4 protein chains.
Amino acid sequence: MGLRNKIDLNSDVGESFGNYKLGMDEAVIPLVSSVNIACGFHAGDPHVMQKTISLAKRYGIAPGAHPGFPDLLGFGRRNMDATIDEIRDYVAYQIGALQAFATREGLKLQHVKPHGALYNMAFKNLNIWDAMAEVVSQLDKNLILVAMAGPDRENIESIGSKHGVKIAFEFFADRAYNQDGSLVSRREMGAVIHDQQEAADRVLKLVKDGKVIARGGTKISLAADTICVHGDNPAAIRLIEKIREVLGAADVEVAPIAEFL
Amino acid sequence: MGLRNKIDLNSDVGESFGNYKLGMDEAVIPLVSSVNIACGFHAGDPHVMQKTISLAKRYGIAPGAHPGFPDLLGFGRRNMDATIDEIRDYVAYQIGALQAFATREGLKLQHVKPHGALYNMAFKNLNIWDAMAEVVSQLDKNLILVAMAGPDRENIESIGSKHGVKIAFEFFADRAYNQDGSLVSRREMGAVIHDQQEAADRVLKLVKDGKVIARGGTKISLAADTICVHGDNPAAIRLIEKIREVLGAADVEVAPIAEFL
Amino acid sequence: MGLRNKIDLNSDVGESFGNYKLGMDEAVIPLVSSVNIACGFHAGDPHVMQKTISLAKRYGIAPGAHPGFPDLLGFGRRNMDATIDEIRDYVAYQIGALQAFATREGLKLQHVKPHGALYNMAFKNLNIWDAMAEVVSQLDKNLILVAMAGPDRENIESIGSKHGVKIAFEFFADRAYNQDGSLVSRREMGAVIHDQQEAADRVLKLVKDGKVIARGGTKISLAADTICVHGDNPAAIRLIEKIREVLGAADVEVAPIAEFL
Amino acid sequence: MGLRNKIDLNSDVGESFGNYKLGMDEAVIPLVSSVNIACGFHAGDPHVMQKTISLAKRYGIAPGAHPGFPDLLGFGRRNMDATIDEIRDYVAYQIGALQAFATREGLKLQHVKPHGALYNMAFKNLNIWDAMAEVVSQLDKNLILVAMAGPDRENIESIGSKHGVKIAFEFFADRAYNQDGSLVSRREMGAVIHDQQEAADRVLKLVKDGKVIARGGTKISLAADTICVHGDNPAAIRLIEKIREVLGAADVEVAPIAEFL
């Protein structure tokens with residue numbers, strides 16, 4: 001992994017619910033190569049899932065599941081003391097539900113990326129990654145599990161190997177990194193990179209050289225397969241366009257993870 | 001269909017939710033040949049679904065989905081003005097979610113039977129059957145759709161043919177029938193047959209002769225593939241045992257629908 | 001009621017939920033005299049209710065409850081076969097919950113206006129109005145119940161009298177009316193009045209003369225205490241401003257219903 | 001507080017939901033003096049709340065609110081990373097909703113006791129007690145807040161004083177205590193006292209002497225105003241009867257907290 005001339009761009013989509021609209025899915029989906037679709041627990045509903053899978057199909061974007069905690073009120077962003085068994089079953093349920101919509105459109109899901117608090121808690125308790133990898137392997141051996149690039153890489157890779165599941169690692173285009181490869185906490189100054197050119201240049205450096213300038217100025221090695229981008233506002237959309245422009249100028253192709261992992 | 005020496009017994013199971021226990025699943029599952037498993041909308045939750053699929057596997061009982069309206073508070077028994085599109089997506093979502101648990105256990109779902117108000121509304125608006133048959137055919141051509149035996153048989157069969165989906169018809173062991181093959185409404189006297197021997201004898205007559213004594217005493221023709229029984233209380237369990245005893249004495253085998261339909 | 005130089009403007013607010021934002025509450029609240037606040041069943045959540053009550057207090061706008069069906073997914077717009085007892089308890093629960101936020105801010109609720117499908121169903125089944133009036137009278141004799149001006153006026157007034165509850169009637173600024181005083185269905189051409197000057201002039205005519213030009217051109221009598229306006233988009237906000245301008249030029253004061261009913 | 005000839009018995013009730021029945025409310029309510037009624041977040045629904053308040057009225061038992069986290073699936077027993085603001089609003093919402101049912105029956109709520117994870121988290125983070133005491137004082141200065149007797153007593157009392165809210169402390173009839181007055185964790189041997197006579201004798205000793213035999217045999221001082229008992233099974237009901245018998249024989253009267261606090 002690491003140095004290559006292909007990279008995936010992924011974005012969280014399908015987060016509307018009933019009468020509530022969230023995100024600019026129509027704008028963002030054609031600009032990325034993979035989408036993480038909410039599955040009705042923290043966001044999304046059956047009708048939104050159907051529409052989102054159908055949009056992914058229209059633009060040839062690889063669909064993935066974005067399972068979260070059953071906490072619509074908190075948008076899946078609040079830690080919940082769920083047991084490993086509960087988490088396993090929540091994830092299975094949500095992947096299965098989304099698979100139905102993919103099947104109806106003649107598609108297969110490409111990947112699974114946990115959402116919000118579930119994602120964050122999994123890095124604190126690797127048993128959660130183990131449970132998720134197990135479920136993924138039981139449901140479809142070709143499903144890729146997406147995790148954050150950083151200090152837990154080796155542990156998560158060995159969990160993947162144990163269950164025969166490929167792991168893709170993601171990099172956050174607009175976030176600063178610590179020297180150990182972890183994200184600078186949002187509570188700290190400079191956690192978010194607001195300059196779009198700088199963010200795009202960092203993505204290019206990561207793809208071409210496998211390097212990131214960490215906080216403090218040190219260059220660190222970081223390998224990633226997919227870049228997480230957002231689609232909730234016009235500025236976020238422009239950042240994706242900027243990233244594509246910079247990558248295109250450097251002959252880096254934007255392609256779904258499954259094409260090269 | 002109709003006269004044969006095999007019949008299916010089906011029961012609604014997996015209706016517990018979180019801390020709330022409903023039904024005597026451990027007792028009823030070994031006594032039937034097919035189970036209709038709630039999928040988390042009107043009843044059931046991911047953990048209950050997992051346990052129920054696992055019980056079905058242990059006893060070799062054919063699992064099916066029992067999708068309903070998103071109305072846990074009303075147990076899916078209240079009509080809701082959902083559109084055909086909404087219903088299609090609700091049903092797809094629930095079947096997909098349950099398929100995940102079946103897949104994890106190495107099982108395939110055998111059938112889909114709508115629950116409560118969704119089931120009842122479908123007989124008033126055949127477009128609902130059409131939408132459900134379409135979804136079923138998209139998800140798995142081998143999935144059998146279960147409908148009530150009675151006056152709508154031909155219409156529902158032709159909807160099934162249109163989508164290439166097999167329809168199984170069910171008979172209610174403990175309910176009285178009108179002369180047109182419809183159920184006597186629960187609001188009327190004599191709608192429920194309380195004598196267990198009489199109920200079991202009616203099941204046998206249906207299986208052997210394809211006949212039911214309708215209200216008023218006329219013998220009518222009615223063909224069914226599966227007998228709906230309940231498992232919510234000890235008396236219901238005893239009725240299943242009585243039915244098995246009467247069927248067994250007459251050399252009728254209890255077997256999952258997919259074995260003979 | 002009828003001819004007077006005061007009128008209330010009411011708008012549905014507090015419809016956001018968790019991470020989902022709906023409506024332009026900050027813009028609309030200062031422009032109306034009464035607000036109907038969602039209570040967490042079809043929309044709204046405890047935090048949104050707190051913020052909305054607090055906004056109402058800041059601008060001196062009279063708060064009211066906007067109870068709906070427990071159907072967040074359908075935004076309370078889908079008819080549900082709830083029993084009268086269920087409806088009574090749903091309405092009591094929601095009013096009570098909102099009263100808590102009002103009490104915390106030292107306010108009293110002014111009114112209750114049912115939302116969506118609950119509102120529509122009540123005109124088809126006056127027992128629902130009876131149940132709601134009963135609950136309102138039990139919770140606070142000063143609470144005003146809001147209903148649609150039109151052919152059911154007398155029936156609803158007599159229900160109000162029976163329970164000692166004042167009824168206020170509302171007029172829709174941007175909707176066409178039939179000759180019997182009922183709304184032209186949205187499925188028909190011309191149901192919505194898009195010209196803002198025309199809409200504002202109709203409001204003025206209603207307030208000053210108690211008359212509306214119904215479909216077909218006949219002038220009919222219609223008495224209303226409050227005008228329903230919307231706040232979901234900038235055009236809706238401009239319509240409220242236009243109505244205030246036209247009313248102001250004619251010396252009609254915009255004031256909460258409780259001030260003059 | 002402490003030595004007196006009156007004590008309150010409280011029990012969690014109204015935990016059924018829709019079609020799901022939980023607890024033996026009809027049996028337990030007449031045996032206690034105060035009930036903690038679920039408010040629709042972790043358990044209970046509007047109809048159940050109405051029925052439960054009505055039962056409390058019939059037997060002259062003092063009703064209180066039992067607010068919890070919005071986690072029906074986890075029965076409010078799972079810690080959730082809700083903010084203090086969210087908790088404040090959740091508690092206000094639930095108390096208000098229950099007040100409506102009390103008002104309809106001409107009753108006032110006597111107390112508020114947090115449920116499950118909310119209760120447990122509050123002892124880890126006293127800001128939660130502060131937020132709850134603040135809400136209680138805003139809604140009704142006469143509402144008593146119930147907390148666990150034990151090492152946090154002084155802190156919680158001073159929070160109560162700050163907001164002008166009376167605090168009642170509860171003792172668990174069937175639980176062992178550590179020497180610091182905290183509960184022995186359920187994960188440890190001997191955490192639950194199964195012998196009913198012993199449990200009842202401990203209650204009597206607590207009431208008469210303000211003493212408990214802690215684990216290890218030391219006698220410690222512990223003052224409590226109310227005894228928490230359960231009503232989920234016949235053995236629990238028998239324990240309440242045994243406690244009443246032992247208290248009665250010692251001339252201790254069972255009475256709602258508000259009568260003597």
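The stops below begin with a pair of chains, go on to one strand and its neighbours, and end at another interface.

Before selecting anything, keep in mind that this is a predicted model. Begin with chain A and chain B, and superpose one on the other: chain A can be laid on chain B by a turn of 180° with a shift of 0.0 Å along the axis, and the RMSD is then 0.0 Å. The two copies are thus related as by a two-fold rotation axis. The same surface serves both copies, for 100% of the contact residues of chain A recur in chain B.

Stay with these two chains and select the residues where they meet, which are 22 from chain A and 22 from chain B. About 1800 Å² is buried between chain A and chain B, and carbon and sulfur atoms give 66% of this area. On the side of chain A, show D89(A), Y93(A) and R104(A), the residues that lose the most area to chain B and that together make up 39% of what that side buries. The count of salt bridges between chain A and chain B is two. To look at a salt bridge here, select the side chains of R104(A) and D89(B), which meet at 3.1 Å, N to O.

Next, select residues 167-172 of chain A, which form strand β6, and ask how many of these six residues are buried. The answer is six of six, so the strand is mostly covered, with buried meaning under 20% relative accessible area. In a regular strand the side chains alternate between the two faces of the sheet. On one side of β6(A) you will find I167(A), F169(A) and F171(A), and on the other A168(A), E170(A) and F172(A), all of them buried.

Strand β5 of chain A, residues 144-148, pairs with β6(A) in the parallel sense over four bridges, and M148(A) stands opposite E170(A). Follow the chain from β5(A) through helix α6, residues 153-163 of chain A, to β6(A), and you trace a right-handed β-α-β crossover. Strand β9 of chain A, residues 226-229, also pairs with β6(A) in the parallel sense, over three bridges, and T226(A) in β9(A) is the bridge partner of E170(A).

For the last stop, show chain D together with chain B, where 15 residues of chain D are in contact with 15 residues of chain B. About 1200 Å² is buried between them, of which carbon and sulfur atoms give 68%. In chain D, select N19(D), Y20(D) and L73(D), which lose the most area to chain B and together account for 56% of what that side buries. Across this interface of chain D and chain B, the rule finds zero salt bridges.

Technical notes:
Residues are numbered from 1 along each chain as its sequence is written. Chains are lettered from A and ligands numbered from 1 in the order in which they are written. This is a predicted model: local features need pLDDT of at least 70, side-chain atom pairs count only at pLDDT 80 or more; totals for chains, interfaces and linings use all residues. Side-chain values use heavy atoms; hydrogens and water are left out. Copies are superposed by least squares on the C-alpha atoms of residues with pLDDT of at least 70 in both. Contact means heavy atoms within 4.5 Å. Buried means under 20% relative accessible area, exposed over 50%, partly exposed in between (1.4 Å probe, protein chains only). Helices (H or I, at least four residues) and strands (E, at least two) are DSSP runs, numbered from the N terminus. Two strands pair if DSSP finds at least two bridges between them. A crossover is right-handed if, with the strands pointing away from the viewer, the path from the first strand over the helix to the second runs clockwise. Buried area is the accessible area (1.4 Å probe) that two parts lose on being put together, summed over both. A salt bridge is a side-chain nitrogen of Lys or Arg within 4 Å of a carboxyl oxygen of Asp or Glu.
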